[in-house]
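Please keep the sequence and the 3D view at hand while reading.

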Amino acid sequence: MSRDYRSTALTFASFAFVLCAWEFAGRLPVSNAFPSLSATAVAGWEMIRDGRLPTALGITIVPMLIGVTISAIAGVLLGLATGLNRKVEWVGIPLFLVLQAAPLAAIIPMLVLAYGVGLAAKVAVVCIMAVPVIVLNSYKAVQHTPPSLLQMSHAFLGSRLQTIFKVILPAASPVIFAGLRLGTAAGFVGAILAELLISPTGIGDLITYHQSIAEYPQMYAAIVSVIILSALFLEFLDRLEVALFRPERRTA
Amino acid sequence: MTVVNATMAAGTAAVSVRGVSMIYPGPVQALQDIDLDFPAGQLTSLLGPSGCGKTTLLKIIAGLLEPAAGTVTVSGKTVKGPGPERAFVFQDFALLPWATVMRNVAFGLELRGVPTSEREAVAEKYIGDVGLRGFEQKYPHELSGGMRQRVGLARALAVKADVLLMDEPFSAVDEQTRRKFQEDLLQLVSVEKRTFIFVTHSIEEAVYLSARIVLLSPRPGKVWKIIEPKMPRELSPDQIRREPGYLDTVESIWQNLKDYVE
């Protein structure tokens with residue numbers, strides 16, 4: 001109880017410290033291109049009121065959500081397949097290790113050639129950023145199921161399917177969801193990269209536009225709005241995991 | 001205390017092991033030509049120093065490991081894998097951390113497709129029998145080590161197997177808890193009338209709990225001696241632990257095993 005109270009207090013303190021430092025640095029100022037927190041907040045509020053920010057977020061969120069959804073489903077399934085089957089593991093894992101190491105932003109021009117400058121190319125960028133980490137985490141999660149739980153399921157006559165659904169998946173869920181969080185964050189980076197590099201739409205357009213006319217508070221407000229969106233989505237994933245797989249953490 | 005033969009007349013043994021050998025990659029000969037019978041309705045301990053293959057033998061009987069040679073028969077049927085007539089209690093408990101005590105105890109029945117209300121009624125009974133009433137909705141991380149192993153034991157009892165295979169069940173439990181647990185287990189053995197095969201490296205534990213003790217010698221694991229401790233079981237646990245028959249058996253096993261301990 002008191003520990004919860006303290007951890008909340010410390011979390012608030014850390015946010016307060018960063019925000020104060022931002023305000024201070026903005027007022028110094030460290031650079032003309034670095035607005036203070038208050039200026040950014042005012043700009044953000046105006047952009048919300050005149051509807052530009054919600055509209056932009058509404059555009060950006062489309063490739064984000066489509067890409068992240070496809071990546072989550074495909075990534076987890078591929079990860080499970082590689083973790084559960086030796087042959088799929090040999091075929092798949094080296095490929096994803098290379099993909100994870102590759103600086104994927106470099107192949108964005110190639111994607112433009114293949115998919116044009118529309119939604120398809122942006123979704124592809126999100127997927128390419130998100131899938132490798134989701135696959136590799138799901139794979140590792142399955143591989144690290146405690147051997148004694150597998151033996152227990154075998155000893156109590158669990159079928160292969162029962163073992164997968166009642167033992168391996170719940171045991172793997174924390175690491176799978178850690179991969180989903182990392183993959184989602186990478187996918188969001190991909191969505192913004194795509195808007196900056198492929199064709200300026202949504203938040204990417206706001207950032208590019210306000211930067212070009214030196215309206216830095218507006219530019220920062222756009223950036224902050226994506227950070228908040230991403231943080232909220234990660235929090236949602238956390239809750240989804242507890243609701244689906246980890247009842248013991250509901251009370252803890 | 002008496003020393004007896006490894007094999008018995010047909011019909012009295014619940015579990016028979018014939019010519020079982022096990023070789024691990026290396027190659028390491030873990031078990032060599034084991035012939036053993038386990039009498040029905042009693043607790044038999046497999047005792048020996050580490051490396052004697054006692055857990056390997058238990059897992060072969062469970063059908064979790066396949067022997068390099070030899071056969072195991074349980075109630076006349078040859079073992080080809082795990083079966084409904086055997087249940088296993090794991091050294092590290094092997095509980096599902098995301099499941100309540102109730103679901104963990106009922107898990108064996110859940111895997112067999114027993115309907116929820118039915119399996120929970122069975123689990124309820126065994127949760128009570130192992131002394132965990134009131135903890136049905138707790139999660140393993142909320143329990144002590146001793147209580148977790150009680151859950152493991154209740155899960156094994158709940159599937160109504162004739163043979164219970166226990167792999168050093170008390171080794172991860174502290175000494176005080178272990179003594180209480182041993183007393184409760186003796187009580188269960190006399191009430192449940194099932195066959196218990198119990199792996200341990202504790203001489204005192206084996207002598208206190210067992211109707212017979214199989215001593216295994218290490219590298220390669222062989223049956224070396226079988227001992228039936230004789231002591232008045234009607235005494236209280238504390239009296240038994242001071243009883244000359246108990247103390248002599250412990251001492252003689254120790255004298256025998258000493259040579260194998262570096």
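In chain B, β2(B) and β3(B) pair in the antiparallel sense over eight bridges, where two strands count as paired if DSSP finds at least two bridges between them. Helices (H or I, at least four residues) and strands (E, at least two) are DSSP runs, numbered from the N terminus. Within this pairing, B:Y24 stands opposite B:V28 in β3(B), and in the hairpin, which has three residues between the strands, B:G26 takes a positive phi near 155°.

The model is predicted, and for this reason local features need pLDDT of at least 70 and side-chain atom pairs count only at pLDDT 80 or more, while totals for chains, interfaces and linings use all residues. Residues are numbered from 1 along each chain as its sequence is written, and chains are lettered from A and ligands numbered from 1 in the order in which they are written.

## The sheet of chain B

Axes are lines fitted to C-alpha atoms, for helices over the stretch in contact, and angles run from 0 to 180 degrees between N-to-C directions.

## The helices of chain A

The secondary structure of chain A comes to 11 helices and zero strands, and the C-alpha trace of chain A spans about 65 × 55 × 30 Å along its principal axes.

Helix α3 (residues 52-84) and helix α6 (residues 119-143) of chain A have axes that come within 6 Å and cross at roughly 30°; α3(A) and α6(A) are therefore roughly parallel to each other, a term for angles under 35 degrees, whereas angles over 145 count as roughly antiparallel, 65 to 115 as roughly perpendicular and the rest as oblique. By class, the contact of α3(A) with α6(A) has 22 nonpolar, nine polar and one charged residues, where Ala, Val, Leu, Ile, Met, Phe, Trp, Tyr, Cys and Pro count as nonpolar, Asp, Glu, Lys and Arg as charged, and the others, Gly among them, as polar.

Helix α7 (residues 147-155) and helix α8 (residues 160-197) of chain A pack at an angle of about 160°, with their axes 10 Å apart, and α7(A) and α8(A) are therefore roughly antiparallel to each other. In this packing A:L149, A:L150 and A:S153 of α7(A) meet A:Q162, A:T163, A:V167 and A:A171 of α8(A), two residues being in contact if their C-beta atoms, placed from the backbone, lie within 7 Å.

## Where the two chains meet

Between the chains, 18 residues of chain B are in contact with 15 residues of chain A. Helix α2 (residues 101-111) of chain B gives the most to the side of chain B that touches chain A, with three residues, and by class that side has 14 nonpolar, two polar and two charged residues.
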